[in-house]
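Have a look at the model first, and then read on.

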Amino acid sequence: MGSWIGFAELEYGMLRYMGAIDDSTPVVTSGIYWDKLSPEKLGQIRVLRELKRKIEEETGQKLPSGSSEKLPPTAQRRR
């Protein structure tokens, strides 16, 4: 299994380095709220698209999706 760093890990590392958090800071993560994830954001994050497809194939059920949204230019990637 290769190493993978996501945004949460980067944010944690930056906050830790800046001294904004330390060992006493509670860290809590949640599952994926598919009904809050817009089709546009899903389209920008390949690993989420693949995970959603895999879950839907395994369960035979379509996962919900959030409302459509217009992403800011900084969130758009070139393909």
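## About the model

This is a predicted model, so local features are reported where pLDDT is at least 70, side-chain atom pairs count only at pLDDT 80 or more, and totals for chains, interfaces and linings use all residues. Residues are numbered from 1 along each chain as its sequence is written, and side-chain values use heavy atoms, with hydrogens and water left out.

## The overall picture

The chain has three helices and zero strands, in the order α-α-α from the N terminus. Helices here are DSSP runs of H or I with at least four residues, strands are runs of E with at least two, and the numbering starts at the N terminus.

Of the 79 residues, 18% count as buried. Buried means under 20% relative accessible area, exposed means over 50%, and partly exposed lies in between, using a 1.4 Å probe and protein chains only. The chain exposes about 7,200 Å², with carbon and sulfur atoms supplying 56% of that area. Those areas come from the Shrake-Rupley method with a 1.4 Å probe, and for residues only the protein chains shown count as cover. Contacts (heavy atoms within 4.5 Å) also say something about the fold: among those between residues at least 6 apart in sequence, 56% join residues at least 24 apart.

Helix α3 covers residues 46-59, which is 14 residues, and reaches 20 Å from its first C-alpha to its last, close to the 20 Å expected at 1.5 Å a residue. The expected span is 1.5 Å times one less than the number of residues. Just after α3, G60 takes a positive phi of about 70°.

Which residues of α3 are buried? They are L48, K52 and E56. Seen down the axis of α3, these buried residues fall within an arc of 70°, so they line one face of the helix; the arc is that of the directions from the helix axis to the C-beta atoms. An α-helix has 3.6 residues a turn, so residues three or four places apart point the same way. On the other side of α3, R46, E57 and E58 are exposed. What covers the buried residues includes α2, residues 39-44.

## A closer look at L48

L48 lies in helix α3 and counts as buried at 16% relative accessibility. Leaving aside residues up to four places away in sequence, L48 touches I32, W34, L37 and L42. The C-alpha atoms of L48 and I32 are separated by 9.2 Å, while the two residues are 16 apart along the chain.

## A nonpolar patch

On the surface, F7, L10, M14, L15, Y17 and M18 form a nonpolar patch with about 750 Å² of accessible area together. Patches are built from residues with over 30% relative accessible area and no salt bridge, joining like charges within 9 Å and nonpolar side chains (Val, Leu, Ile, Met, Phe, Trp, Tyr) within 5 Å.

## Salt bridges

How many salt bridges does the structure hold? There are four, where a salt bridge is a side-chain nitrogen of Lys or Arg within 4 Å of a carboxyl oxygen of Asp or Glu. One of them joins R16 and D23, with the closest N and O atoms 2.8 Å apart. R16 is partly exposed at 34% relative accessibility, whereas D23 is exposed at 69%. Another joins R46 and E50, with the closest N and O atoms 3.3 Å apart; both residues lie in helix α3, four residues apart, about one turn of the helix. R46 is exposed at 56%, and E50 is partly exposed at 38%.

E69 also forms a salt bridge with K41, the closest N and O atoms being 3.7 Å apart. This pair links distant parts of the chain, with E69 in the segment after α3 and K41 in helix α2, 28 residues apart. Both count as partly exposed, E69 at 30% and K41 at 37%.

## The segment after α3

S68 is found in the segment after α3 and counts as exposed at 56% relative accessibility. S68 and S38 are 30 residues apart in sequence and 5.2 Å apart in space, C-alpha to C-alpha. Not counting residues up to four places away in sequence, S68 touches P39 and E40.
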